[in-house]
Amino acid sequence: MKSEADPLYDWLMTKALRQAACAQALGDVPIGAVIARGRELIAEAHNRRHIDKDPTAHAELLAIRQASQTIGDWRLTGCTLVVTLEPCCMCAGAIVLARIDTLVYGAADPKAGAVDSLYHLCGDRRLNHRVNVVAGVLAEQAGQLLTQFFLSQREMGKK
């Protein structure tokens, strides 16, 4: 796990945070993801699990699908995926399978994170691809968005 100050990562994370805000505005968990190839943004997505009634509609998977369509290949070598929350097992597996070079995430997920917190899928030497991981980029903003969302959900449940 690395944490690096990089203006490109900050810019991309800002885009991912905007996507997360879109999910929140639609009533879904505020997680956003973007994919860039070099400095070119090729995919933007946000969680749509509740919206689409699809347990696999995570921001990362939707961004991977969009990026694959954009470049016309399932292999996303040379690409960086930036997501506001540490990916779960499903998403970390998809990141490895898509051959993404670099994963940048904001907030850690101690309950479901499969990159650094609970598992280390993106760096597991038993797998055929390993992903460079940069953790903690704009983590406070990403974490606050999620905290505020779940607080408001609990408040709504009390009414």
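This is a predicted model: local features need pLDDT of at least 70, side-chain atom pairs count only at pLDDT 80 or more; totals for chains, interfaces and linings use all residues.
**Helix α1**

I began with α1, which runs over residues 7-25, 19 residues in total. From its first C-alpha to its last I read 27 Å, close to the 27 Å expected at 1.5 Å a residue. At its start I found Asp-6, with a side-chain oxygen within 2.7 Å of the backbone nitrogen of Leu-8. Leu-8 is also on the list of buried residues in α1, along with Tyr-9, Leu-12, Met-13, Ala-16, Leu-17, Gln-19, Ala-20 and Ala-23. Just after the helix I noted Gly-27, with a positive phi of about 85°.

**Helix α3**

I then turned to α3, residues 59-71. Its 13 residues reach 18 Å from first C-alpha to last, close to the expected 18 Å. I listed its buried residues as Ala-59, Glu-60, Leu-61, Leu-62, Ala-63, Ile-64, Ala-67 and Ser-68. I looked up what covers them and found, among others, the strands β1 (32-37), β2 (40-46) and β3 (79-85), and helix α4 (89-97). Just after α3, Gly-72 takes a positive phi of about 75°.

**Largest pocket**

Last, I looked at the largest pocket, which holds about 470 Å³ of space. It is lined by 19 residues, and I noted Ile-31, Leu-85, Asp-109, Ala-112 and Phe-150 as the closest to its centre. Sorting the lining by type, I got ten nonpolar, four polar and five charged residues. I also checked which element gives the largest share of the lining: helix α5 (residues 139-158), with four residues.

Key. Residues are numbered from 1 along each chain as its sequence is written. Side-chain values use heavy atoms; hydrogens and water are left out. Helices (H or I, at least four residues) and strands (E, at least two) are DSSP runs, numbered from the N terminus. The expected span of a helix is 1.5 Å times one less than its number of residues. Buried means under 20% relative accessible area, exposed over 50%, partly exposed in between (1.4 Å probe, protein chains only). A polar contact is a pair of N or O atoms within 3.5 Å; within protein, one must be able to donate a hydrogen and the other to accept it, and residues adjacent in sequence count only if both atoms are side-chain atoms. On a 1 Å grid over the protein atoms alone, a cavity is a set of points where a 1.4 Å probe fits but cannot get out, and a pocket is an open set with protein on both sides within 12 Å along at least five of seven lines; lining residues have an atom within 4 Å of a point. Grid points are joined across faces, edges and corners, and a volume is the space filled by probe spheres set on the points. Ala, Val, Leu, Ile, Met, Phe, Trp, Tyr, Cys and Pro count as nonpolar, Asp, Glu, Lys and Arg as charged, and the others, Gly among them, as polar. Contact means heavy atoms within 4.5 Å.
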